[in-house]
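Me: I am new to this model and would like to understand the words used for it. Could we go through them with care?

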Amino acid sequence: MNIFARWTVLICAGCAALLSSCTADSARPSVPPGPTVTSTVAPDPAAQLAERYRQSGGEEDVYGIQRSSGPDGTPLLTVWTHNPDEDAEIFDHLKGSIAGYLEREEGLSLRRGYLMDVFGPDGALQHRLDART
């Protein structure tokens, strides 16, 4: 077998292997990827919501929280923070704090879960969470 034929067989076998591992998850609609960067300035309503969150004892570094509707009406939360730390433990505390505040104080129902994007001080995406149930 010549080199061209070998490469052709290898490429075709590789493509077949890759394609055979692709599956469609019909149980949960896919979420189109959101932005990976955003403005470092939170919109006024997001800044006002973050101010209420901080006044109730929330994280001081959070300066924007925006609520919108994601797929199938699932809440999509966009968070702006001055904290550059991307540590998973810090994020776990932050997501619990924000979700708890929004349910308790703002009346947001999270019974179906939520989506959350957290952007750092330079506007880069720090965390993306799909917590839908």
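Me: What share of the 133 residues in the chain is made up of buried residues, and what makes a residue count as buried?

Reply: In this predicted model, buried residues make up 32% of the 133 residues in the chain; a residue is called buried because its relative accessible area is under 20%.

Me: How do you know which helices and strands the chain has, and in what pattern they follow?

Reply: The chain has three helices and four strands, and, read along the sequence, they follow the pattern α-α-β-β-α-β-β.

Me: What makes a set of residues a nonpolar core, and which residues have the most contacts inside the largest one?

Reply: A set is called a nonpolar core because its buried nonpolar residues are joined through side-chain atoms within 4.5 Å. The largest such core has 19 residues, and those with the most contacts inside it are Y53, V62, I65, I98, L102, Y114 and M116. At least two residues of this core come from each of helix 2 (44–55), strand 1 (62–69), strand 2 (75–81), helix 3 (88–106) and strand 3 (115–119), while helix 3 gives the most, with six residues.

Me: Which residues is Y53 in contact with, leaving aside its neighbours within four places in sequence?

Reply: With those neighbours left aside, Y53 is in contact with G58, E59, V62, I65, L94, S97, I98 and Y101; these count as contacts because heavy atoms lie within 4.5 Å.

Definitions and conventions
Residues numbered from 1 in each chain as written. Predicted model: local features only at pLDDT ≥ 70, side-chain atom pairs only at ≥ 80, totals over all residues. Heavy atoms only, no water. Buried < 20%, exposed > 50% of the residue type's maximum accessible area, 1.4 Å probe, protein only.
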